[in-house]
Amino acid sequence: MSHNERPRRARGELRRQQLLDAAVELLLESGIGAATHRAIASRAGVPAASTTYFFPSIDALIAEALSGVLKHELQKLEQLQQRIDSEGLSADAAIDAFVELAMTSSQASIAAQFEMYVAASRRPVLRAQTGQIFDASRTVAANVLERLGFADLAAAEALTAMIDGYALHRLAYPDRVDATLLRQGLQALLA
């Protein structure tokens, strides 16, 4: 790579990231229907042609933008799994850790997750990426449950669905979601 190519490549990577950040902001603010090439480029403050230069389609741009947010949440789940392993948490302590994670996830992360789910239901091209994220969440849940003595895949499905449900309720009614109810629900699931 020549000396002149490095700054150009860095500018390109910066512009690409600006588009991804702008897409996330726009999606969270106005939903997937507002995510157009022009609107995202305008939000990023770059020429409209930039979106098609960096991404083959609007769906590819949306998928990568939302996946970036969701991958951060997956990293938190993986850290929780590592904490359960390293600290040898009991089932009750692990439930408390799950509840803390569910209740402290950012509104942006929760909204991104559900925007991606809804988008995948309408745009089949997004299903593969959404499925990967969903499968990774379920795998982490299954690993955590297995370490706690529950080797039932159905329990991992139920755990993931329960946490997703509480997250959705928290997004829609932030003042009405009670962490105690989530804790009791998870305890009942593991009972």
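Visitor: At what angle do helix 6 and helix 8 pack, and how far apart are their axes?

Guide: Keep in mind that this is a predicted model. Helix 6, residues 107–122, packs against helix 8, residues 153–172, at about 115°, and the axes are 10 Å apart. That angle makes helix 6 roughly perpendicular to helix 8.

Visitor: And is the crossing of helix 6 and helix 8 left-handed or right-handed?

Guide: Left-handed, as helix 6 passes helix 8.

Visitor: Which residues meet there, between helix 6 and helix 8?

Guide: On the helix 6 side you have Q107, I110, A111, Q113, F114 and Y117. Their counterparts in helix 8 are D164, A167, L168, R170 and L171. By type, the contact of helix 6 with helix 8 has seven nonpolar residues, two polar and two charged.

Visitor: OK, switching to salt bridges. How many turn up in the whole structure?

Guide: Seven, from a search of the whole structure.

Visitor: Let's take E64. Which residue does E64 form a salt bridge with?

Guide: R16, with 2.7 Å between the closest N and O atoms.

Visitor: What about E29, who's its salt-bridge partner?

Guide: That would be R43, and the closest N and O atoms of the pair are 2.9 Å apart. Here E29 is in helix 1 and R43 in helix 2 (residues 37–44), so the pair connects parts that are 14 residues apart in sequence.

Visitor: Is E29 buried or exposed? And how does R43 count?

Guide: E29 counts as exposed because its relative accessibility is 56%. R43 has a relative accessible area of 31%, which makes R43 partly exposed.

Visitor: One more pair: what does R138 bridge to?

Guide: E157, with the closest N and O atoms 2.6 Å apart. This one links distant parts of the chain, with R138 in helix 7 (residues 127–147) and E157 in helix 8, 19 residues apart. E157 is partly exposed, at 32% relative accessible area.

Visitor: Which residues do salt bridges with shared partners join into one network?

Guide: E25, E29 and R43.

Terms used
Residues are numbered from 1 along each chain as its sequence is written. This is a predicted model: local features need pLDDT of at least 70, side-chain atom pairs count only at pLDDT 80 or more; totals for chains, interfaces and linings use all residues. Side-chain values use heavy atoms; hydrogens and water are left out. Axes are lines fitted to C-alpha atoms, for helices over the stretch in contact, and angles run from 0 to 180 degrees between N-to-C directions. Helices (H or I, at least four residues) and strands (E, at least two) are DSSP runs, numbered from the N terminus. Angles under 35 degrees count as roughly parallel, over 145 as roughly antiparallel, 65 to 115 as roughly perpendicular and the rest as oblique. A crossing is left-handed if the near helix is turned anticlockwise from the far one by less than a right angle, and right-handed if clockwise. Contact means heavy atoms within 4.5 Å. Ala, Val, Leu, Ile, Met, Phe, Trp, Tyr, Cys and Pro count as nonpolar, Asp, Glu, Lys and Arg as charged, and the others, Gly among them, as polar. A salt bridge is a side-chain nitrogen of Lys or Arg within 4 Å of a carboxyl oxygen of Asp or Glu. Buried means under 20% relative accessible area, exposed over 50%, partly exposed in between (1.4 Å probe, protein chains only).
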